[in-house]
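User: I'd like to learn how to read a few features in a model like this one. Could we start with pockets?

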Amino acid sequence: MKVLCFGSMNIDESYLMDHFVRPGETQSALTCTRSLGGKGFNQALAIAKAGGEVIMAGCIGSDGYAFKEVLEQYDCTTQFIKEVNQPTGHAFIQVADGENAIVLNSGANYAIDDSFIDEVLSVMHAGDMILLQNEINAIDKIIKKAHERKLKIILNAAPMSEAVNHYPLEYIDLLIVNVSEAQQLAKCMTSNLEELMEALENKFSNHDILLTVGKQGSYYLSEGKRKYVGAFACHVVDTTGAGDTYIGYFLACIMANKSIEEAMQIASLAAACCC
């Protein structure tokens, strides 16, 4: 079994701040770093680091070749990283007190067309997995065509937007969300986890759901049953990429035929290390 990660690649500009910039304020950063990111890239790299067989698909500009180089170091297939006549996506990240605030410029991530989707999906077979996030265009088309090819479809509904509600979610096999995303999808803004999970189960009764709740751990909801694994305590420096790391390690463990609980435990440890 292999997994196709059809997603975003962003050049991240991270600024360590004393506090998040307020409206009308100009503030000097404590430090500034430039790195490779994007939910698609992050999750594909995490799968590869965890030993999973992964294909990365998406679009970059002429400034994005480093994405191929890094992924290939971990034996990730990169033949479907396509250069287009747009700048590579960018993310501008403020980090303060272990939290982050992110501004995205989609760039090449929104250059996906029908012919490219067909080309990428042509190498996938029934039972293979496709992992999607919400940082590229044409998600609805990708889901429909992946369903036609009988792929197992995993959607990480992040970053959450109103558009997600209009995707053909009935074709999703596994929905991965954090609390904020779950609240918006289930249209249940409660802070009570029990109520939130009930709302998710009612709306997505035919789906498996992986709900991550930060330092409180994670839940797996399937066919009326729930599995819970606590988070590992750690000194938090920066939470950027922790959720993507969790997802990548979780799926790599599932591909290696580990149980759901063991996959959640290993993914939680990986996310703690990332933080």
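Predicted model: local features only at pLDDT ≥ 70, side-chain atom pairs only at ≥ 80, totals over all residues.

User: What counts as a pocket, and what volume does the second largest pocket have?

Analyst: Rolling a probe the size of a water molecule over the atoms shows where empty space is left. On a 1 Å grid over the protein atoms alone, a pocket is an open set of points where a 1.4 Å probe fits, with protein on both sides within 12 Å along at least five of seven lines; lining residues have an atom within 4 Å of a point. Here the volume is about 330 Å³, meaning the space filled by probe spheres set on the points, which are joined across faces, edges and corners.

User: Which element gives the most to that lining, and how many residues of each class does the lining have?

Analyst: α1 gives the most, with 5 residues. By class, the lining has 7 nonpolar, 7 polar and 2 charged residues. Ala, Val, Leu, Ile, Met, Phe, Trp, Tyr, Cys and Pro count as nonpolar, Asp, Glu, Lys and Arg as charged, and the others, Gly among them, as polar.

User: Is α1 largely enclosed or open?

Analyst: Enclosed: 8 of the 11 residues of α1 are buried, so the rest of the structure largely encloses this helix. Buried means under 20% relative accessible area, exposed over 50%, and partly exposed in between (1.4 Å probe, protein chains only). The buried ones are G40, F41, Q43, A44, L45, A46, I47 and A48. After α1 comes G51, with a positive phi near 95°. Helices (H or I, at least four residues) and strands (E, at least two) are DSSP runs, numbered from the N terminus.

User: How do I read aromatic pairs, and how many are there?

Analyst: A pair of aromatic rings is described by the distance of the centres and the angle of the planes. Searching the whole structure turns up 5 aromatic pairs. In one of them, the ring centres of Y219 and Y228 are 4.7 Å apart and the planes are at 45°, so the pair is tilted. Rings of Phe, Tyr and Trp (its six-membered ring) pair if their centres lie within 6.5 Å; planes under 30 degrees apart count as stacked, over 60 as edge-to-face and the rest as tilted. Y219 is buried at 17% relative accessible area, whereas Y228 is partly exposed at 45%. Ring pairs also link Y220, Y246 and F250 into a cluster.

User: And salt bridges? How many does the structure have?

Analyst: Side chains of opposite charge can pair when their charged atoms come close. The cut-off is a side-chain nitrogen of Lys or Arg within 4 Å of a carboxyl oxygen of Asp or Glu. The whole structure has 10 of them. One joins D118 and K145, with the closest N and O atoms 2.9 Å apart. D118 sits in helix α3 (residues 114-121) and K145 in helix α4 (residues 139-148), so this pair ties together parts 27 residues apart in sequence.

How values were computed
Residues numbered from 1 in each chain as written. Heavy atoms only, no water.
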